[in-house]
Amino acid sequence: MKENMRDKTTQNEGTAQCACPIISSNDFSFYYGTTMGVKNITMNINPCSVTAIIGPSGCGKSTFLRSINRMNDLIPGVRAEGKLVVDGQDIYDKRVNLVNLRQQVGMVFQKPNPFPKSIFDNVAYGPRLQGITNRTALDEIIEQSLKASALWEEVKDNLRKSALALSGGQQQRLCIARALATKPRVLLMDEPCSALDPLATGKIEDLISQLKDNYTIVIVTHNMQQAARVSEMTAFFCLGELIEYDVTSKIFENPSNKKTEDYITGRFG
Amino acid sequence: MRPGIRIAIDKIFTVVAGASVVCLCLVLVAVLGPMLWRGGSAVVFKGTVEFRQMQLVLFGRGDEDKIVAESKQAQIARAKIYSTIERFKGGIDSGNLIEKARQIYRQFGNDLRQTNMSAEDVAELRSVTRQIRDRLESAFASSNTAEVNESLAYVLNFKDDPRFKNTSAAGLIGLAEQYSKDIQGINLAERQRYYQEIRQVEDILVELLGPAPGAATPALMMNRFGATRWDLAQKLLGRLLWYEEWIKQGPEQPMIRRLTPRSQRFAGTEIEGLFTYIQQNLPEMLRPRPTFYWQYFIDDSTPGHYFGGVGPEILGTLLLTVLAMLFVVPFGVISAAYLVECASDNFVMRIIRMSINTLAGVPSIIFGLFGLAFFVLFFLPIFGAPSKGCILAASMTLAVLTLPVMIRASEEAIRAVPQTYKEASLALGASRFHTFVKVTLPAALPGILTGVILSLSRVAGETAPVLFTGAVALGPVPKSIFDPTRTLSYGSYDMAVGDKLAAMVPHNQFGMVVTLVLLILCLNTVAIILRSRVFKKLAGH
Amino acid sequence: MPAADSHRPLVLTPTEDIRGFLTLHLGRAALFLVTCTSVLAVFLIFLFVIREALPFLAKFSIKEFLTSTAWYPEAVTPKFGTLALLVGSGYVTVVSIIFAVPVGILAAVFLSDIVSMKIRNIIKPIIEILAAIPSVAYGFFAVMVLAPWMQQKFGFSTGTNALNASLVLAVMALPTIISVSEDSISAIGRELREASYGCGATRMETIFKVVIPAAHSGIIAGIVLGMMRAIGETMVVWMASGNAAQIPSPWWDLSQSVRTLTATIAGDMGETEKGSPHYRALFAAGLLLLVITLCLNMVSEYFLIRAKKAGGKH
């Protein structure tokens, strides 16, 4: 715990001092074949913060998010230009260790997607990949992760149950726990609440505000209220471009760009 | 056109379309119904005491004491048949009697040489005896009653002759006495016919009741037992009771069949009553009892499948299919994985896809030719194995045959796994290989399994590819994969067309094919159930 | 809970890099090789069938092989004319398709357009069972049940004849025709049907004037696939067609016996000596059959691709 505290302080100091960002994108463009996904994105994301990305559908916000842990590589014919640096390393460098990158940059998807396995096996999937097979160690990680994702109390008695038997909200929290179990530094969330009811959404939002003390969270959302509630910084994307990136309160109260204002006030999107 | 007519035509169309589907269902019933019904009777039927004896002798099954006791009781009921026929044959089987008379005469001659009678006495006695013998022979051979009676009377004159008292020649007199008794009530004119027809009756009786007591054990296993099944016994009884003739109606016209009661053919003789006796006492003689012969599925059979079951065929079929699956599943799954996970749309891929489609369209007999030319004549000799059809060659041929089925099924199963599973795993830092093995494959497994079962059922039913590569109709149970084997599919063909003996046991013909069909339908049912459950599960997402 | 207590380098070490590169490409190559088994199989099938047939084709006249009706392989001067066998194969195939197509299309339409999902789910397994019954069982049915029945009912001189074989082949081709046609008919979207109904057409008119024309590629593909199943079928024709190598005359008399290529190969191969002209001739017949099915396969492929495009458009 103590260590934890110290860790936090150093990181906070880091943020305050040099503003050396954990994710920094410099003139980053991403193409699907010949069609452009996002273009010329330049933004820095600080550690231990919540950054929201908002924008109309098809504006490239998911593309950008998925570029951060190179999930877009799955699609054939994609290409990236410019620089996207995570933790001091350009992740589109040839020599990047994708496995380690994805372990450090966890992801939570739009629809809850637990594996058709038990709750335990779902959370243990990541740690097992890192070679942790010791049962006590696994138990500890799983308890920590489930507690961190506020699911522990609900499932601690039947960890052997199939994950598919959980409710949608629980499944999504399980997915967060699964992502946390690999001990990432960054957590990417791709509209994590869009498939959930308001109650479950509330729980996830509470969770996000708890998690931001320890993790850098980037969240893509359609829901502007949500962005306003949970995030410290907000980026507004439109047509593959970054229109405005600023402190959340500023974006929502006093946007500097006309397009942002139109979108916020509901004139388009 | 008026709307009314249009609607009416529409209705008719609906009915016709429905009728086509109903027609399909009827075809299914027509194909499966007779097979199931008649094939089922290979397993569930009324078994006779002969069946239980056969089981005891061939497979050492059942309580020996009980069966022996039961068969003794049956023999008591049968005894009357044999004694009646014996007596009747005594009257008509003249050849046998003539031989007997000659034997007695020779014996008597030998006896005479050892007595101390004078030579003249001996010569006279000999001539008298020879005369008696000759008259007796003529009586036996003749079909004229008056002549016979006259000859017999001549012989019986010597009945009280002291010269023959206590000599072997008295046997001749005895024969005459017996014969005069036997031929009472027999129309001697019909003797030849009687002789032939009683032989027929005896032949049928051998089929019905087994070899007569005291007769030598027949060489062929199929002749050692009577009717083992009550339905067969009924059929034989029909043949016993009714005499069948084919009558020519005239030139250029087909012959027609006429049945007459056999008792009529023997009217006035002792045999006449025998048929009613057999008819009434058949249950007593055969003791039918409902039998559930589940061992049909494990028993070996006698040649022509006359007795026994389909055990070696089932074993052979399973061996072939399981081996074929062992060959094809790794190739099928890996190919499917490559096609889904790694393939891009280029020229090489198109060639591969085209090959798979071509392979799926090749007729099964071509696989038979290929198996013969490649595996049997080329591949096996390379490894020093004998170049003949064997289980290994047949199963490899079947593996090639089912490869496209396997690839398509696995590909479909792997594609059906939601992309989100893969993404989740990759996002957690798993490699693509790890993701495939740990996430995609387990999720696709039920689908792949369905494909495996479907290929299994296809392979089990294939006949043409194994014709020249490893299936035989007759032969021992294989000892290694380098031996040929019997299979259900080839056995079904052989019993329907090739084997004349099998036509005598239709229940076994149908039993073989129904075993094959049931095996395949069971596999398919499992596959259908499995698939619907998979779809439900994946649809839940 | 501590975040990222184990810092892992984001950059690969050179060894890791090389190892990853090698495993990726070697693994890919291995998988690719396995996948090429199918290509290899097709190649070997052609190679070995041709290899066994080649001496025959070199020695005997191909023209006679294709145009003579005299098939006397065991005669003193053997004659190998496959025309009667080819005609026999074509004959039973065409007749069976004539039986199967109307029933098949009607059943496909019935399943896709007329009945509810529930009844469809009952009928589909029935069709699957029809498809699953092995050919030898159909042959058995033809010989043991259908042939005596036909002989008795219609007074044919023999129950194993072209009609018997064609009927059973029709039943065997039906599941293929139905499932492929039904897939393509179902792939035609609801919009087209609604447009037709909206114009006041009855169901039959919609089906015949809109749905079937739109789905014709798939239906043709189904029919060709059914034909392939019928022409390549061995056991049924061997058991049920009577096996007399003759061209039926008059041509419409279905009660005559015929003999097909497949049945000839299956029936004769067991009696020939390996390497004899007869044996080689059977491989040549196999090659002929292979070429025919390959052509049919290409036709079906062409129509299936067209059907897929048509289905995707709507």
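Mentor: A crossing is left-handed if the near helix is turned anticlockwise from the far one by less than a right angle, and right-handed if clockwise. Helices are DSSP runs (H or I, at least four residues), numbered from the N terminus. Here, H9(B) passes H11(B) in a right-handed crossing. This is a predicted model, in which local features need pLDDT of at least 70 and side-chain atom pairs count only at pLDDT 80 or more. Residues are numbered from 1 along each chain, chains are lettered from A, and side-chain values use heavy atoms.

Trainee: At what angle do H9(B) and H11(B) pack?

Mentor: Axes are lines fitted to C-alpha atoms over the stretch in contact, and angles run from 0 to 180 degrees between N-to-C directions. Helix H9 (residues 230–241) and helix H11 (residues 272–286) of chain B pack at about 165°, with axes 11 Å apart. They are therefore roughly antiparallel (over 145 degrees).

Trainee: Which residues of H9(B) and H11(B) make the contact?

Mentor: With contact meaning heavy atoms within 4.5 Å, the residues include Trp230(B) and Leu237(B) of H9(B), and Phe275(B) and Gln279(B) of H11(B).

Trainee: How many aromatic pairs are found over all chains?

Mentor: Rings of Phe, Tyr and Trp (its six-membered ring) pair if their centres lie within 6.5 Å; planes under 30 degrees apart count as stacked, over 60 as edge-to-face and the rest as tilted. The search finds 38 aromatic pairs. One of them, Phe45(B) with Phe51(B), is edge-to-face, at 5.2 Å centre to centre and 90° between the planes. Both Phe45(B) and Phe51(B) are buried (under 20% relative accessible area, 1.4 Å probe, protein chains only).

Terms used. Helix = DSSP H or I, 4+ residues; strand = E, 2+ residues; numbered from the N terminus. Parallel < 35°, antiparallel > 145°, perpendicular 65-115°, else oblique. Buried < 20%, exposed > 50% of the residue type's maximum accessible area, 1.4 Å probe, protein only.
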